[in-house]
Amino acid sequence: MPPTAPPTELVPSERAVVLLSCALSALGSGLLVATHALWPDLRSRARRLLLFLSLADLLSAASYFYGVLQDFAGPSWDCVLQGALSTFANTSSFFWTVAIALYLYLSIVRAARGPRTDRLLWAFHVVSWGVPLVITMAAVALKKIGYDASDVSVGWCWIDLEAKDCVLWMLLTGKLWEMLAYVLLPLLYLLVRKHINRAHTALSEYRPILSEEHRLPRHSSVADKKLVLIPLIFICLRVWSTVRFVLTLCGSPAVRTPVLVVLHGIGNTFQGGANCIMFVLCTHTVRTRLFSLCCCCCSSQPPTKSPAGTPKAPAPSKPGESQESQGTPGELPST
């Protein structure tokens with residue numbers, strides 16, 4: 001590791017952008033948790049995994065928010081605490097992201113169901129919470145977490161750059177799992193998409209004799225696009241931290257380029273916001289229910305009066321509108 005350069009403080013505009021990214025990510029993660037709590041019929045196994053990923057992203061965004069807000073200039077107890085929380089949450093987020101991809105692969109390609117899937121979910125909990133916790137506790141006990149001069153972060157604390165084996169601990173506390181995710185996520189989703197395309201091709205041979213309700217739904221193309229977007233968004237968000245990590249190892253002054261610092265700050269903190277966009281705002285069932293909930297909250301206010309003093313009658317609803325907004329009890333959101 002090259003010698004540590006003088007610390008560089010974030011300019012107000014950079015800090016504001018990264019803080020906004022943290023806030024939006026926390027809001028998005030909270031919205032994912034809220035939708036899971038509001039509608040029990042949407043609690044599929046994949047959505048439960050997404051819930052745990054959202055919890056990890058929520059903790060990660062909160063710890064990063066505190067780190068960027070403080071913009072540490074040296075080692076302190078709250079620097080170590082913030083670094084430990086962000087290390088645990090960030091590493092756990094990697095594991096849960098890969099766990100969702102692995103679950104979709106086993107469910108769709110391998111058709112895993114029943115008790116076998118339940119055991120798999122328990123294994124995901126043990127690995128995705130247990131491994132990051134053990135690594136973080138070891139890093140704290142050995143005093144590896146501390147001030148890093150913002151060379152491999154954006155104002156928050158992580159691994160102390162003055163530690164002799166700091167590169168090893170950077171790999172163990174994040175970078176190793178991040179790089180593995182770069183490989184595993186595209187591979188798993190590529191296999192899932194290949195299986196779906198093969199199923200589409202096989203079903204298209206029988207399409208002329210199928211009734212309209214048994215034909216491939218229009219939403220299948222939307223699900224296919226999401227399967228491509230999940231690893232693509234993950235890589236686009238996380239690649240900037242990897243670039244700065246490599247530049248730090250090379251001792252390049254480009255590690256402090258303002259644009260690169262901002263992209264790193266957004267990429268590390270906006271995972272919860274990106275998941276909310278894909279699985280809430282871009283999912284028809286959840287989006288419709290949220291819109292209906294907002295309409296109900298607005299309509300619960302007292303009716304306004306017309307100029308003549310008589311209350312306005314509510315606009316008549318279209319036939320079947322209430323049934324469509326509520327959705328069927330067994331309806332599951334698309335991937």
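Colleague: Leaving aside neighbours within four places in sequence, what is serine 54 in contact with?

Modeller: Serine 54 is in contact with Ser29, Leu32 and Val33 once those neighbours are set aside, where contact means heavy atoms within 4.5 Å. This is a predicted model, in which local features need pLDDT of at least 70 and side-chain atom pairs count only at pLDDT 80 or more, while totals for chains, interfaces and linings use all residues. Residues are numbered from 1 along each chain as its sequence is written, and side-chain values use heavy atoms, with hydrogens and water left out.

Colleague: Is serine 54 buried or exposed?

Modeller: Serine 54 is buried, at a relative accessible area of 0% (buried is under 20%, exposed over 50%, partly exposed in between, with a 1.4 Å probe and protein chains only). Its side chain reaches the backbone oxygen of leucine 50 at 2.8 Å.

Colleague: Switching to the largest nonpolar core, which residues touch the most other members?

Modeller: Of its 36 residues, those are Leu49, Trp96, Ile100, Tyr103, Phe124, Leu185 and Tyr189; a nonpolar core is a set of buried Ala, Val, Leu, Ile, Met, Phe, Trp, Tyr and Cys residues joined through side-chain atoms within 4.5 Å.

Colleague: And what does leucine 185 touch?

Modeller: Not counting residues up to four places away in sequence, leucine 185 touches Thr97, Val98, Ala101, Pro231 and Phe234.

Colleague: What about the phi of lysine 143?

Modeller: Lysine 143 is not a glycine, yet its phi is positive, at about 60°. Most residues other than glycine have a negative phi. Lysine 143 is also exposed, with a relative accessible area of 71%.

Definitions and conventions. A polar contact is a pair of N or O atoms within 3.5 Å; within protein, one must be able to donate a hydrogen and the other to accept it, and residues adjacent in sequence count only if both atoms are side-chain atoms.
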